[in-house]
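Try each task before reading its solution.

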Amino acid sequence: MLDFIIRRLIAVIPVLTVVAVFVFLMLRLTPGDPAAVIAGDNATSDQIDDIRRKLGLDEPIWTQFVIWIGNMLQGNFGESFFFKKTVAELIAQRIEPTLALAVCTLIFAVALSVPLGVLAAYRQGSVLDRVVMGFSVLGFSVPGFVIGYCLIYIFAIELGWLPVQGYVRIGVNFWGFLERMVLPSLTLSVGFIALISRITRASVLEVLNEDYIRTARAKGLSNRVVLMRHALRNAAVPILTVIGLGIAILIGGAVVTESVFGLPGLGRLTVEAVLSRDFPTIQTVILMFSVVYVVINLLIDISYTLFDPRIRY
Amino acid sequence: MFDLRKSAAAALAAAALGGLLGIAPAEAQTLKVVMHSDVKILDPIWTTAYIQRNHGYMVWDTLFAVDEKFDVKPQMVDKWTVSPDNLTWTFTLRDGLEWHDGKPVTAEDCIASIKRWAARDSMGQKMMGSVASLEVVDAKTFKMNMKEPYGLVLQSLGKPSSNVPFMMPKKTAETDPMQQIKLEDVIGSGPFVFKADEWKPGEKIVYVKNAKYKPRSEPANGLSGGKVVKLDRVEWLAMPDVQTQVAAIQNGEIDMIESPGHDLLPLLAKDKNIRLVSFNPTGNQYVFRFNSTAKPFDNAKVRHAVFVAFAQEDFLKATIGDPTYYKVCKAPFVCGTPFATDAGMADVLNGNAAKARQLLTEAGYDGTPIVLMQSTDLQVLTNLAPVAKAQMERAGFKVDMVSMDWQTLVARRVKRDPPSQGGWHAFLTSWVAADILNPVMAGFFNSSCDKAMFGWPCDATIEKFRDQFAKETDPAKQMAIVEELQKYWVNNPTHVNVGQWYAPLARRTNIDGNLTAPVPVFWNVTKK
């Protein structure tokens, strides 16, 4: 197992190198000039050139790359062109809302979608099954921002139960934190629920036709025990894989959800950084997301062994 | 005898009872506003972006300021004199001016601030070209010694929009003009104090009332007069999504939106708890900018043909829609301002395609496609370029409209490459009226070749008019120069003004007191 983890961690290095080169080149080769953005609309060409020099953007592209990589290897992620803060500080400021959103969404999504998927499989062809599958199609098809606006209209404007937007830090007011997390995490989890419930249903259906399930039933085990202990556990690997892959959906969805609900998280930071061509911030945030994605998928791979003793690394 | 324990117990009981009965102590008046953008940079001299200008008006004060009619009035200055030969200006500061850290505002601070501002601002640079020296007379008085008479001293020091000559402490003002000031240096003498500890970029910026601020005795008028703060705290919240802004103001979570999108105004107007208020009666001006160095726009006659081909109302209908929020106005220095005039404009902006076609033939236009940049992500600009394309094509131009996001356009417009190789011929943008009140202030009139703004017009005659205007001290003669300049400029345009438009703010009905001014300011605003 340790060997496996070390091998996987070593494999992360080329992945991150490719991401770093790709992100760096993408930013430099696509149109947009942070100096012009910083200088504002009324600036003259000389003023823009001065700012470009101060930011080191007048250096050849490979020199800029070497400086950046060198700094990264020393743990220096650079300074934002706009905020005049280190990127590490910016990320530290913005990570809590995104983390909270991701955790709440995962809890919502897993708590709802796994039982729904199992029930849909168990009652295959029933009304419940059709409703769950119908919801799943809807969840896939409707864009997150539309769901967000609908939820805001119903729960904030019409019913007045929840606030429209904003974020309260968990340490400041726990209730305020919770009431501001409900709508964003519900919005973000809809697509996730659709995905996981569909995969859960398919996996459980496949397992329900296996001989050992028939044997379990023949032994006189209750439906609950058959479903939870035998069917779901054996169907867990594809479900876990989808949850791992879904982290990418979560990261992409956070960008939209945080904008709709005014959450000051990393998703919004990414959008702001991209719109203003804040190269150091974009590069570091994307690299960080890549690391998170790789690490979570590594953890998912490791967790397979908990559900399927046949899997050994 | 005073019993501490009994008193404490009584206070606690009263507080508990108050809590049970829902009686709260007098609540601090906090105004929650969504501005047009989040504040990412804190130095209003370092950048010309409007959100930093607005932030500047909260924290810092100015020597002079304009009133509703754009007349310049003293603000931090108590009295000023000018010598009969117009070569020596003497300014004396008001009594009781203090920085937020309690230190007095001095003449030295003001001189350092003027120098830093002038290093960044084109109007400041122009003024400093005529200044021989700035000299401290005493702690509250300084002199500006001129090399030659200069007619825009007060207009420059009272410049209402970017870059505004805000007065900063000497230590801060000595920061390299090409570098931003530090977070701990965001200390002004203005009506609000910036709360550095509560600033969370991407979330909110907070200002509290400057209790020590001594407003002028005159009533507030535009950006001038007494800056009386009637709120305890103002929070500018970052909320990028316009639909969410509307939902939040409808729900009472925020009190004001500085600039709601025009397509959402009918929705807001229907809500009985919300009022739309036009605080800036001169508004903004749409502008079509030529790249005067690129063929065929290096030919003045071809540029004039565009002027003749355009009709303003089509642009305004396509972008703003509701005539309440736009005005057909031919005056390049904006209708409703001191130098507004239609001189020389009778034959242009009438949508005369036939005449434009004839002018193009006379100019020998060879059918070179015009690379017209269209920005697609800013709603107030998106529909301008298609209208320009249609009107130009009607006049015989070939137009290649290239769509891109605004930041890509911003980066491309500074490129001098040929239009077919990544350069450009034209784009459309918008100016706040307060930035284009006269030929020196209006950046697109600058025709000093390489030193001009992108588009780089090179026209000695326009420059001569601008210099004459700057050096003329008699307003009537200044007006005459503007008229002459305008008559010349129509035939040798650097840009085309394609209409005036307004953006009201939305506020809840319990909010009042927004001043009529070219910039949204928060003194005088009340919350019931």
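**Exercise 1. A bridge in a sheet**

Which residue in β21(B) is the bridge partner of Met256(B)? Then place the two strands in their sheet.

*Solution.* Keep in mind throughout that this is a predicted model.
- Step 1: Met256(B) has Arg507(B) as its bridge partner.
- Step 2: Strand β13 (residues 256–257) of chain B pairs with strand β21 (residues 505–508) of chain B in the antiparallel sense, over 2 bridges.
- Step 3: The open sheet has 7 strands, with mixed pairing, in the order β10-β11-β12-β1-β13-β21-β14 (chain B).
- Step 4: At its edges are β10 (192–194) and β14 (274–277) of chain B, each pairing on one side only.

**Exercise 2. A sheet and a helix on it**

In which sense do β17 and β19 of chain B pair, parallel or antiparallel? Find the helix that packs on their sheet, too.

*Solution.* 
- Step 1: Residues 370–375 (β17) and 426–432 (β19) of chain B pair in the parallel sense over 2 bridges.
- Step 2: Opposite Leu372(B) stands Ala426(B) in β19(B).
- Step 3: Helix α13 (residues 384–394) of chain B packs on the sheet and touches β15 (284–290), β17, β18 and β19 of chain B. The direction of α13 makes about 175° with that of β18(B).
- Step 4: The sheet itself is open, with 6 strands in the order β16-β20-β15-β19-β17-β18 (chain B) and mixed pairing.

**Exercise 3. Chain contact and confidence**

How many residues does each chain give to the contact, and what confidence does the predictor report for the complex?

*Solution.* 
- Step 1: Chain A gives 40 residues and chain B gives 37 residues.
- Step 2: On the side of chain B, α7 (242–250) and α14 (406–412) are the elements that give two or more residues. That side divides into 15 nonpolar, 14 polar and 8 charged residues.
- Step 3: The complex receives an ipTM of 0.74 and a pTM of 0.83.
- Step 4: Chain B has an average pLDDT of 92, and 95% of its residues score at least 70. Over residues 1–26 of chain B, though, pLDDT stays under 50. Where pLDDT is low, predicted coordinates should not be read in detail.

Conventions: Residues numbered from 1 in each chain as written. Chains lettered and ligands numbered in written order. Predicted model: local features only at pLDDT ≥ 70, side-chain atom pairs only at ≥ 80, totals over all residues. Contact = placed C-beta atoms within 7 Å. Helix = DSSP H or I, 4+ residues; strand = E, 2+ residues; numbered from the N terminus. Nonpolar A, V, L, I, M, F, W, Y, C, P; charged D, E, K, R; others polar. Pairing = 2+ DSSP bridges. pLDDT = per-residue confidence, 0-100. Axes fitted to C-alpha atoms, helices over the stretch in contact; angles between N-to-C directions.
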